[in-house]
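Please examine the structure below before reading on.

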Amino acid sequence: MKLSDISQEAPVLIAGPTASGKSALAMELAARDGRLVVNSDALQVYANWRILTARPTPADEAALPHALYGHVAADQAYSVGHWLRDLAPLLSRPVVIVGGTGLNFTALTRGLADIPETPPEIRALADARMQAEGRAALLAELDAATAARIDPLNGVRVQRAWEVLHATGRGLAAWQDETPAPLLPLARAEPLVLMPHVAWLNTRIDRRFDRMIAEGALEEARVNLPGWDPGRPSSRAIGGPELIAHLRGEMPLQAAIAAATLASRQYAKRQRTWFRSNMLGWRTLSLP
């Protein structure tokens, strides 16, 4: 596919697994069309990680306008709803929205249920139960409609559904069935999903993590070490827990790098599976 095959007028959405070249394509389109590059990655929003989450470099941000990168504090909760509210005023200008978080894109193009925030005490109880009893215990307590719809292997989603049920008295499925109209229907956008060959992508993942280390990812982790809280969403950055473990003397650096690289490959596999199941209306680009 040539760059000229991509619309110059419609908002462009670029999804794809980690290290697949999404940001480079987004910047090409931004330079061609005068677009704003808007982040749709759930971890690139956090200020405490730049290198480890592959956020655009300061040079990238100086060359082209970027938005919704690194604007959230490490200890701050930031949901899909927050992202949609921040994104809405940006859609008045030409944009290319890019990231690997599929849930953001489906919320944008299909709508998002207006579910009340979870009270802190229910979130704390859910965290404690997940740690003590595991995902299956919370899954067993969900309403039938939600249990039938949710991915039972996704602990984050199971916990979220449990929290919604106990905070509102209604199952997540009931809330989802009342989803309002989407902010940007798919028909009004140019939706692209990158699906590289696995071997090519794995090689890029390996090389990229080595490059991250060379560029200072370990020093970035060292800044995050004081007060590290693995329960924070910002602490889910791929490679963060492994580098923190190394800095605490719990594993050698090479073992941490190997574990982080494996985690990146596994994450990319989960992303590819999710995209295949949920982005049937998207234009698939096979790379290289």
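Trp282 counts as buried (under 20% relative accessible area; exposed is over 50% and partly exposed in between, with a 1.4 Å probe and protein chains only), at 9% relative accessibility. The model is predicted: local features need pLDDT of at least 70 and side-chain atom pairs pLDDT 80 or more, while totals for chains, interfaces and linings use all residues. Residues are numbered from 1 along each chain as its sequence is written, and side-chain values use heavy atoms, without hydrogens and water.

The structure holds 3 aromatic pairs. Rings of Phe, Tyr and Trp (its six-membered ring) pair if their centres lie within 6.5 Å; planes under 30 degrees apart are stacked, over 60 edge-to-face and the rest tilted. Two of the pairs, both edge-to-face, are tabulated here.

| Pair | Centre distance | Plane angle |
|---|---|---|
| Phe105 and Trp282 | 5.3 Å | 75° |
| Trp274 and Phe275 | 6.2 Å | 85° |

Phe105 lies in helix H4 (residues 102-110) and Trp282 in the loop between helix H13 (253-278) and strand S6 (283-285), so their pair ties together parts 177 residues apart in sequence. Helices (H or I, at least four residues) and strands (E, at least two) are DSSP runs, numbered from the N terminus. Phe105 is buried at 0% relative accessible area. Phe275 is buried at 4%, whereas Trp274 is partly exposed at 29%.

Leu108 is in contact (heavy atoms within 4.5 Å) with residues including Leu13, Trp83 and Ile97, leaving aside neighbours within four places in sequence.
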